[in-house]
Amino acid sequence: MFSKTLLACGLGGIALACALPTPASALDSNYKGETTVACGQVITKSIKLANDLHNCTGNGLVVGAANITIDLNGHTIDGTGMQPFSGIRNAQVGSRPGYSGVTIKNGAVTGFASGVTLGNGANRNVVQYINAIANGTGILLTGPSRGTLLYRNSVVNNAGDGILVNSAATGTRIDNNDANGNGNGTSPRQDGIEVDATDKDTVIKNNRARNNGDYGIRAAVASSDGHGNHASGNDAHGPNNQCFNIRCAP
């Protein structure tokens with residue numbers, strides 16, 4: 001089963017059509033049927049989207065409860081590039097912190113300051129099978145938050161970092177993601193995946209980083225190299241210096 005929406009994606013200078021496969025895990029027993037949503041809607045129960053969102057001038061969707069699943073169901077959320085908004089936001093809004101136990105999956109976010117933002121209490125979240133394309137940052141973990149899993153996402157042609165995990169986000173697992181063509185829209189240029197967290201429970205494994213503006217993968221010295229990472233064509237430091245504090249094969 002393939003996604004309902006195709007986006008033009010870039011891999012370096014090559015234009016591609018990105019079709020997002022919908023894995024079997026998209027069928028979630030927590031909800032039935034599909035739900036029509038609007039830009040800026042606060043989501044308080046598990047849903048499977050019935051529609052795309054176009055030209056959102058604020059946040060695309062806002063998480064409003066713990067222990068829910070937002071299944072984009074192959075749909076796309078796109079914005080107008082306005083700061084400081086996110087395609088999907090689970091982080092502090094006013095005095096309310098982010099929510100724990102949230103899963104975000106199976107779709108595309110484009111045209112926001114950050115495609116997906118997690119932070120300020122958004123613990124044990126899962127982001128999987130998301131295409132974050134042509135945002136400021138593809139996927140952003142702010143803090144304090146802990147125990148996030150980023151799994152099999154594709155972050156492509158974002159102006160800044162493809163994935164950015166800041167120092168207050170701990171215990172993050174960054175596993176099997178693709179980061180291509182990011183970091184070329186800022187000065188200085190940015191990375192495919194940047195991990196500033198310094199805890200040993202943050203693990204970076206089996207990721208692929210190609211044609212990003214600075215390093216393919218840059219990590220703080222204390223984070224854990226889970227191995228299996230690959231990088232090539234990242235511009236700033238030459239073919240033999242593709243990653244920082246992480247071992248990367250071509």
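## Report on a predicted all-strand chain

Asp 214 counts as buried, at 11% relative accessibility; buried means under 20% relative accessible area, exposed over 50%, and partly exposed in between (1.4 Å probe, protein chains only). Its salt-bridge partner is Arg 218, the closest N and O atoms being 2.6 Å apart. A salt bridge is defined here as a side-chain nitrogen of Lys or Arg within 4 Å of a carboxyl oxygen of Asp or Glu. Arg 218 is partly exposed, with 24% relative accessibility. Salt bridges with shared partners link Asp 191, Asp 214 and Arg 218 into one network.

The model is predicted: local features need pLDDT of at least 70, side-chain atom pairs count only at pLDDT 80 or more, and totals for chains, interfaces and linings use all residues. Residues are numbered from 1 along each chain as its sequence is written, and side-chain values use heavy atoms, with hydrogens and water left out.

**The chain as a whole**

The protein chain contains 28 strands and zero helices; both are DSSP runs numbered from the N terminus, helices being H or I with at least four residues and strands being E with at least two. Of its 250 residues, 54% count as buried. The chain exposes about 10,100 Å², of which carbon and sulfur atoms supply 52%; these areas come from the Shrake-Rupley method with a 1.4 Å probe, and for residues only the protein chains shown count as cover. A contact means heavy atoms within 4.5 Å. Among contacts between residues at least 6 apart in sequence, 55% join residues at least 24 apart.

Strand β8 comprises residues 76-79, and both of its faces are covered. Thr 76 and Asp 78 lie on one side, Ile 77 and Gly 79 on the other, and all four are buried. Strands pair if DSSP finds at least two bridges between them. Strand β5 (residues 53-56) runs parallel to β8 and is joined to it by two bridges, with Cys 56 standing opposite Gly 79. Three bridges connect β8 to strand β10 (residues 103-110), again in parallel; here Thr 76 has Ala 108 as its bridge partner.

**The nonpolar core**

A nonpolar core is a set of buried Ala, Val, Leu, Ile, Met, Phe, Trp, Tyr and Cys residues joined through side-chain atoms within 4.5 Å. The largest one has 43 residues, and Leu 61 and Ile 139 touch the most other members. Strand β12 (residues 126-133) gives the most to this core, with three residues. Leaving aside residues up to four places away in sequence, Leu 61 touches residues including Val 37, Leu 53, Ile 70 and Ile 77.

**Further salt bridges**

Side chains of opposite charge can pair when their charged atoms come close.

| Salt bridge | N to O distance |
|---|---|
| Arg 173 and Asp 175 | 2.7 Å |
| Asp 178 and Arg 208 | 2.7 Å |

Asp 178 lies in strand β20 (residues 178-180) and Arg 208 in strand β23 (residues 208-210), so this pair ties together parts that are 30 residues apart in sequence. Asp 178 is partly exposed at 25% relative accessibility, and Arg 208 is partly exposed at 24%. In the other pair, Arg 173 is partly exposed at 38%, whereas Asp 175 is buried at 4%.
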